[in-house]
Structure formats: structure tokens, C-alpha cells
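Thank you all for making time this morning.

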Amino acid sequence: MAIHRIAIGSPGEAGQPDAIRAAFAEFFSMLIFVFAGQGSGMAYSKLTNNGPATPAGLIAASLSHAFGLFVAVSVGANISGGHVNPAVTFGAFIGGNITLLRSILYWIAQLLGSVVACILLKSATGGMETSAFALSSDISVWNALLFEIVMTFGLVYTVYATAVDPKKGNIGIIAPIAIGVIVGANILAGGAFDGASMNPAVSFGPAVVSWTWTHHWVYWVGPFIGAAFAAIIYDNIFIGDDGHEPLSNSDF
């Protein structure tokens, strides 16, 4: 079972140079991703004078997040693994691919990166609102929770298949492309219902800067549940105890 390989880590791990470099990589990757993704939504609001959501706006959000995440994962992959998502880090932890202490370091860096990106966006746009994620009027919190669980499951399953599985071979940039594409596709599927976060840090930054916390827990609980399911299922069915290898930082 993947859960048997969960590791806490050594007390001094957070102070190791490679862990600090990895945390900085996660911070900057998250900043890049959120600035592009959240910024595209703010640009859409400006172009439409805060008009209602349209299919074109949903497509624009999907593309901007897919492209931004592809870049963010790519630039961080060789240093931190390019998680760019607390849920991905949690999935890696559940599978025994990262210690709890390093995960906490990643989570802090990811959350700070998102907050800083939103502060920069608010400043650069002359005070425009960085809108927090919200449910559409006809969607309950349980509907949104299920959306986030399933969408994040698909994301973390993709991460495991293309970046974690030791049998993946040398597939170069396929992993960042696949990860960006599944996020873009899930935004097309769930964006109109709950914003399709799949990423607690992406939800956290706008919530802090706008100080809007309505239903915010959904964007943490859903992704973490989905990530855990994906990690446990993929690790136990497709990797297994015999095929499992702890990943180096250069791999994930």
C-alpha cells in the first residue's frame, strides 16, 4: 500500500540547501502560474466592463491556465519537481515520494507565491479586484466538492502517469504538456460551475487579497481528497511495491 511509505522526514530537512532551492522554485512557479491565470480573468473583466461570463471567456481561462501551468511546471521540474499545487504535493506525499516536512515547505512557498501574484496583479491593474473562486447560483457545496474531487483526481492521476511512474521512461516535456492540458480541459468542464480550481493555492491567493472566504473550504477539501484517491489508486495498481522507486528532485 502507498500509505505505508509515508515519511515524516528529518528535523533538519527544511534547512537543507536543496530543500530551500526547491521551495523557491515552487514559489516562483506558482507566482508565474497565478499571475497568468488570474490575470487573464482580470483582463477579460476589463475588456467586457465586468460583463457576464461567456463561452469565449471560459475558453480564454482554459487556455491561459493550460499554457501558464505548462510553463510553471516546466521551469520548476528540474529543481522541485514542478508541483505548483498543494494537492499535487499531497498526492506525492501519500505515495511516499516526498516527506511531510518538505511538503509543508512546498505548501508555504506555493501559498506565498499565489498571494504575491495577486498583490502584484492588484497593483499593476490599478486596484482591480482579484476575484475569489465562487460557486454558481444553482450549484451546492456538495456539487462543487464532487467537481473538485473528480477534476483533481484526473490531474494527479495524470501527474502520476507522466511524471511519477518509474516506468514512464524519458518522455521529456510530455509531462508538463499533459498536466497543462488536463487542467485546461477540466476548466472547460467545471469552470462554469465552481471555477474549477483543482489547486488550493490558486484559490487561496485571491481569497486573501479580496478577503472573501465563502465556501473556501471546498477548494481545499475537494482537491486533497481527489489527490489522495489518485495517488493511492495509481500507486497500488500500476506501480506497486516492486516497481516503486523514491524519486529524486530532478524527477519530481
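This is a predicted model: local features need pLDDT of at least 70, side-chain atom pairs count only at pLDDT 80 or more; totals for chains, interfaces and linings use all residues.

Let me begin with His65, which counts as buried at 14% relative accessibility, where buried means under 20% relative accessible area, exposed means over 50%, and partly exposed lies in between, with a 1.4 Å probe and protein chains only. Residues are numbered from 1 along each chain as its sequence is written, and side-chain values use heavy atoms, with hydrogens and water left out.

His65 sits in helix α2, residues 55–76; helices here are DSSP runs of H or I with at least four residues, strands are runs of E with at least two, and both are numbered from the N terminus. Setting aside residues up to four places away in sequence, His65 touches Phe33, Gly37, Gln38, Val183 and Ile187, a contact being heavy atoms within 4.5 Å.

That brings us to helix α6, residues 174–194, where Asn186 has its place. Asn186 is buried as well, with a relative accessible area of 11%, and, on the same exclusion of residues up to four places away, it touches Met151, Gly191, Ala196 and Met198. The C-alpha atoms of Asn186 and Glu148 are separated by 9.6 Å, although these two residues are 38 apart along the chain.

Met198, one of those partners of Asn186, lies in the loop between α6 and α7, the latter being residues 200–210. Met198 is buried at 1% relative accessibility, and its phi is near 60°, a positive value in a residue other than glycine. Trp211 also has a positive phi, near 50°, and is likewise not a glycine; it is found in the loop between α7 and α8, with α8 covering 218–243. Is Trp211 buried or exposed? Trp211 is exposed, with a relative accessible area of 63%.

In helix α5, residues 141–164, we find Thr158, which is buried with a relative accessible area of 15%. Beyond its neighbours within four places in sequence, Thr158 is in contact with Ala163, Ala178, Ile179 and Ile182, and its C-alpha atom is separated by 8.8 Å from that of Ala230, 72 residues apart along the chain.

After α4 comes Gly126, with a positive phi near 75°.

Turning to the whole chain, there are eight helices and zero strands. The radius of gyration is 17 Å, close to the 18 Å that the globule rule gives for 252 residues, so the chain is as compact as a globular protein of that length; the radius is taken over C-alpha atoms, and the rule is 2.2 Å times the number of residues to the power 0.38. Along the principal axes, the C-alpha atoms fill a box of roughly 55 × 35 × 30 Å. Of the 252 residues, 48% count as buried, and among contacts with a separation of 6 or more, 83% are between residues 24 or more positions apart.
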